[in-house]
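This report covers salt bridges and pockets. The sequence and the model come first.

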Amino acid sequence: MRKVAVAGVGLVKVSEHWGKPIGALFADAALQAMKDAGTDGVDGLYVSNMSGALMQEQLSMGALMADAIAKPGLSAVRVEAGSASGGVAFHEAVKAVASGYSDCVLVAGVEKMSDVLPEVVTKSLVMEEEQEYSAYTGVTKPGLSAMLHRLYLDLYAEPSEVGMMAVQSHENAVGCKHAQYPFRMSIERAMDSPMEADPIHMMECAGVGDGAAAIVLVPADTEGVEVAATTVATDYCSLPMREDPLTLGAVKTAAEKAYKLAAVKPGDIDLVEVQDDFTINGVLSLESLGLVEPGKAAKYVAEGGSARDGELPTNTFGGLKARGNPLGATGVYQIAEVALQLRGAAGDHQVEDANVGLAQNMGGLGSTCAVTILRRLGR
Amino acid sequence: MSVPRYWREEVPRYRLLGKECTGCGAKFFPARPVCTECGSTEFKDHKLAEVGEVVTWTVIRNPPPGFEKYKPYVVALIELEDGMRLLSQVVDVDPDEVQTGMSVEAVFRRVKEDGKTGIIQYGYKFRPVVE
Ligand SMILES: [Zn+2]
C-alpha cells in the first residue's frame, strides 16, 4: 500500500446559503481544493452526504456532483454513514489512492439543511438511529445523547463542566472565516438556554447550516501532510444493546486501531477535532479516544486542558458547535482543519508545534466512528 | 409507515415478545438474526417482564414529525425485572416527577398516526407503578 498525502483543501463558510443549489455549494469547495492542490486532474470522486435523499429528494449524488464540476466520465460515488459520512468517505478515498487504483482523488462533503423545516432536520437526524424500536419511541438524536448526559452527570460532573465544551468551541471559532458562529458564548448563556432534551440545553447543541468541504488526496512525497492512519469502526446501533452506555465502543475501536497503524500513542496527539454535536458527545469522545481518562473529560475541559493553548488543543476552529455541523460534510471539515494546522496555515487558530493531529467523526449515537490521524512530513 | 412494515412488528410490540437463543440462552429484544454471544441463528420466544426501573431518561421537547401532540414527553432506558433493557416513553407522569430508579410498568398505547388517512400505530409505553 502507498502512503497518501493531503494535497489540497477547500472550505466553504458554514451558513444559510439560500441562493445556492447543492451542486454550486459543492463546487465552491471542490474547486478551491483542486486549486490549492494545483491540479484538476482528479481520477476519482467520493461525495459525502447524509440527508440529500430527504432534504433535496436527490439520489445519484456522485454523478450530480461530478456534473457540477463539469467532469463527466469521472468515477464518482456518494458515501453515507449518517453523521460519520465525511470521515468514512475520506477513509474510502484514502484506500483508493493507497491501493494504487487512483492517483488523485477528490473527497468532498456537502449538506444543505436550510432547504427544509426544523422538524425535517429532526427527522433526518433520528433516521441515523434504528427505526423500529429506537425511533419508534419518539426519541430524537439529542434525546439519545441526553440519556448519556444524565448518566454522566449522576456519576462524574456538574452540568456547567460539561457545558464548557460548547464555550470552548465558541472561543476557538472567533475570527474563523469558515465558521457559522464565530463569536464567544458564556457558560451562563448556555446554562440559561431552554432545554432541548433534558439535561441538554439548546446552546449545548450544534446548529443547522449549509456547508461543503473538500480534500484532494495524492500519493505521499517527502513533504506536506501525510495520512498516518484512517480507520472506521461500528457498534451495536441501539442504546439498550450497549453494556456500558458511556463507553463509545466504535470510537474506542477505531482509535485504538488508528494509534497502532500510525505508530503513535494518545499522548503524541498535538491537536484533536471531536464530534461535539452535543457537549456530552464531545466529552465522551475525548474519553473513548483514550485522550482523557474515563469520567474525567468534563473536568479536564472545564479546567482548560482542551483549550487551544492548553495541553490538548481541541476543536481549534470551533468544532461542530461553532464552526457548524453540516452533517455529511462535517467529517471533511474536521480533517481539512487538522491539515491546515499541520501545514502551519491555521492563521490566528494555529497550534504551536503541531506535528500529529487527530479527527474523530461519529454517526448516530456512536454506531459508526471514523478516526483519521494526519502527520506533518519533512521534520 | 407501510402496512407490511407495521404488521411484521405487531406481535413483539403488542406483547413485549423477545427471543431467547436456543444455543446459549441469551435473550434479546427485539429479535435479531444472529446471537451476539454464540453466533447461533436459532431462537425461541421470550416474554419480557412487564415491570422494571428507569436507568436514565430525557424529556423530548422538539419531537420528530408525528409525535408533536404528545410533547413534552419522557423517553427512558428501562431495565426490566428479567434484566432486559429497552427504550420506551414513560407516560401518565409529569416530566418533572420522573426519577432515575423509578418503578415502571408496561401499558399498551397509541404511538402515532400517519396523517389523517394513514394507519394508527400502537405499541408499549411504560407508566409509574403506583405503590
Ligand atoms: Zn446464543
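A:Asp103 is partly exposed, at a relative accessible area of 43% (buried means under 20% relative accessible area, exposed over 50%, partly exposed in between, with a 1.4 Å probe and protein chains only). A:Asp103 forms a salt bridge with A:Arg2, which is also partly exposed, at 31%. A salt bridge here is a side-chain nitrogen of Lys or Arg within 4 Å of a carboxyl oxygen of Asp or Glu. A:Asp103 sits in the loop between α4 (85–98) and β4 (105–112) of chain A and A:Arg2 in the segment before β1 (4–11), so the pair ties together parts that are 101 residues apart in sequence. Helices (H or I, at least four residues) and strands (E, at least two) are DSSP runs, numbered from the N terminus.

The model is predicted: local features need pLDDT of at least 70, side-chain atom pairs count only at pLDDT 80 or more, and totals for chains, interfaces and linings use all residues. Residues are numbered from 1 along each chain as its sequence is written, chains are lettered from A and ligands numbered from 1 in the order in which they are written, and side-chain values use heavy atoms, with hydrogens and water left out.

Over all chains, the count comes to 27 salt bridges. Three of them are listed here.

| Salt bridge | Closest N and O atoms |
|---|---|
| A:Asp103 and A:Arg2 | 3.0 Å |
| A:Arg343 and A:Asp36 | 2.8 Å |
| B:Arg13 and A:Glu132 | 3.2 Å |

A:Arg343 forms its salt bridge with A:Asp36. This pair links helix α13 (residues 327–343) to helix α1 (residues 22–37) of chain A, 307 residues apart. A:Arg343 is partly exposed at 33% relative accessibility, and A:Asp36 is partly exposed at 35%.

B:Arg13 forms a salt bridge with A:Glu132. The pair crosses between chains, from helix α2 (residues 10–15) of chain B to the loop between α5 and α6 of chain A. B:Arg13 is buried, with a relative accessible area of 2%, and A:Glu132 is buried at 13%.

The largest pocket is lined by 34 residues, and A:Pro118, A:Val121, A:Thr122, A:Glu196 and A:Val208 lie nearest its centre. A pocket is an open set of points on a 1 Å grid over the protein atoms alone where a 1.4 Å probe fits, with protein on both sides within 12 Å along at least five of seven lines; lining residues have an atom within 4 Å of a point. α5(A) gives the most to this lining, with five residues.
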